[in-house]
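Please read this note with the sequence and the model side by side. Each point takes up one topic.

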Amino acid sequence: MLPTFDDFKPFVITGLSLGGVYAMSGVGIVVLYRATGVLNLAFGAIGAMGALISWTLINHTSTPDWVAYLACVAFGGLVTLGYGLIFGPPLARRDPLVKAVGTLGLALILLGLMSWLWPPFGRTMLLPTADWGFDVDVVRVNVTQIIGFGFGVVLTVLVGAFLRYTKLGTAMRALANDREITATLGVPVRRVEAAAWLGSGLIAGAAGLLLSNLVALDAVTLTFLVISSLAAALIARLQSLLVTLVAGLVVGLATALLTPVLLWPSTEYSLSVFRGMAPFVIATVALLWLARRRTVSISRSGD
Amino acid sequence: MRAVVIAAVLAFVLVAVPSLVSVYWVKVATAAAIFSIVALGLNLLFGRVGMVSLGQIALLALGSWVAARLFFATGLPFPLVLLLGGLITGVLGTLIGLPALRLGGLYLALITLMLAGAISIVLTHVDFPNGGGGFLGHTEATVEYPDVRRPSIAEADDAYFRYTVVVTVVMFLLGLAYVSSKTGRAWAAIRESEPAALAAGVNITVYKLWAFALASFMTGVAGGLLAANEGKLYAEQFPTIDSITLLAVVLMGGIFSLWGAVAAGLLGKLLPALLDDWGVSPDFVIILFGIGILQVVVTAPGGLVDQVPKDLRRLGRLLARPLRRGESPPEQSA
């Protein structure tokens, strides 16, 4: 039994705002992967820890709120940059799989630290933007949701333009193509990579802050929300920013729109309990489609 | 000589361990043995074929579910249920991994990570069989649920530990047989270079699928053992993060030797229990595993089973040097 369109309306808003943040995280993941070959699986954990730091600053110190929010974003940037500077160079020539496994080490360290410093307990992050809003028809839209959606779209455009038109962006694209030749051409490879790590980390911090408000402020939940962004990045084959944006929005929308759908008529189970599976299902179907013609190549990117 | 040492250690573990330690530690040791089978699956996948699965704990949960359902639904003998549970998990795991197997290694890791999340969502809602009816075999009606049964010859914890160790040994022998066969050589070729393997006539897709099926089969068997060890199963026993800590201990143990999987079982279950006993927070174990992953990928790809003997030999040489100097006659040293 399908619900009417009115039942779906509130979830379109939720879906688009979540999808925007997924897309934004996906863009952060793709940019770093293209520049350094590292798929950062600690992306969610970094944002989660930033959000928890922000929460502590707001609730246990007299820090102004905006400083606390900035601290979250800055934490994301610093941790990611620190990891990149320490572990980037020794792993630079390794397989992308090994590089990704390395970031799981960072994810575990952060998860352990978070569970130790902030034992699980119902914390909530209320950004002031959650109180500001307006009504569309019968649905309340708050500013956090608009920021979530807007950030996803704006960031994709900005990052795309940055890669296309700036010197640093061109250097990043060159790196993505061939690290050795780029170095030979006199591009300061380490510095360009550091910029990619920092940029991707700042996005991780911002995404963590938004998701802690839109979803929940919980270390494990936020860490594994990276799965939804990964689905978006995967569908884009870790290459296209535009496809990442669209895929992120689709994953967010699909996840949210399943909420009011009943599994079958006359049942108390709604599909909503299984909606978390949407990213997996969408990514699997997309991969099946993409893998229909397979080629074996010996490219150095290992993709 | 080596076989004699292994047999002696095994005999000691089988006979002496259960009588030397308390029931709690017997249970921990059983869990470690079961965990080493799961680790063996991932060890083979990563170390032999170069594929990483981040969904092995979800597959373990699936295996436990299938085995528990079979135990409650049928009166089949225990070993047969283990075998059937392993086969069904093998088929399910292969079907799920199929799309990603055709793509690169990174994609398999990501798809299996998503799969782990998806399976845990399903299991949280359908729950584990507890003797109820219907396909799902779960009921909320009864107050006292029956336990998943154990083999009639191994109902006590001591006997079940020995039973588990025997099954673990069988799984390791199966792994060893594969590694030293034509299949193992094909896997090695794929790990080194897929295009070269293809050019040499190795059917990459089939051998990769076979490795994935074998690892899933082993994980399914481990799931059956786990179901009977725990008695009652809950979704909370299989958190997604465990798939990552499994990868950590498998790497720390060492992926290029099957002994690494034994070390991984001990690291994964015995070490946290020991540290817990000494009052160390489990959070530090997770941090330790994270550091372990980074250390292995950066400096010690062979893991503990490769590094420890090397370090011991170096230590031995270091200690032996002053001794030799002291023993040598004065006219030679001059």
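This is a predicted model: local features need pLDDT of at least 70, side-chain atom pairs count only at pLDDT 80 or more; totals for chains, interfaces and linings use all residues.

1. Residues are numbered from 1 along each chain as its sequence is written, while chains are lettered from A and ligands numbered from 1 in the order in which they are written.

2. Chain A has 12 helices and two strands (DSSP runs numbered from the N terminus: helices are H or I of at least four residues, strands E of at least two). Along the sequence their pattern is α-α-α-α-β-β-α-α-α-α-α-α-α-α.

3. Of the 303 residues in chain A, 51% are buried (20 or more other C-beta atoms within 10 Å of the residue's own, with C-beta atoms placed from the backbone).

4. To the contact between the chains, chain A gives 43 residues and chain B gives 41 (two residues are in contact if their C-beta atoms, placed from the backbone, lie within 7 Å). On the side of chain A, the largest share, 17 residues, comes from α4(A).

5. In chain B, the axes of α11 (residues 241-253) and α13 (residues 282-298) come within 9 Å and cross at roughly 50° (axes are lines fitted to C-alpha atoms over the stretch in contact, and angles run from 0 to 180 degrees between N-to-C directions).

How values were computed: A residue is buried if 20 or more other C-beta atoms lie within 10 Å of its own, exposed if 12 or fewer, and partly exposed in between; C-beta atoms are placed from the backbone.
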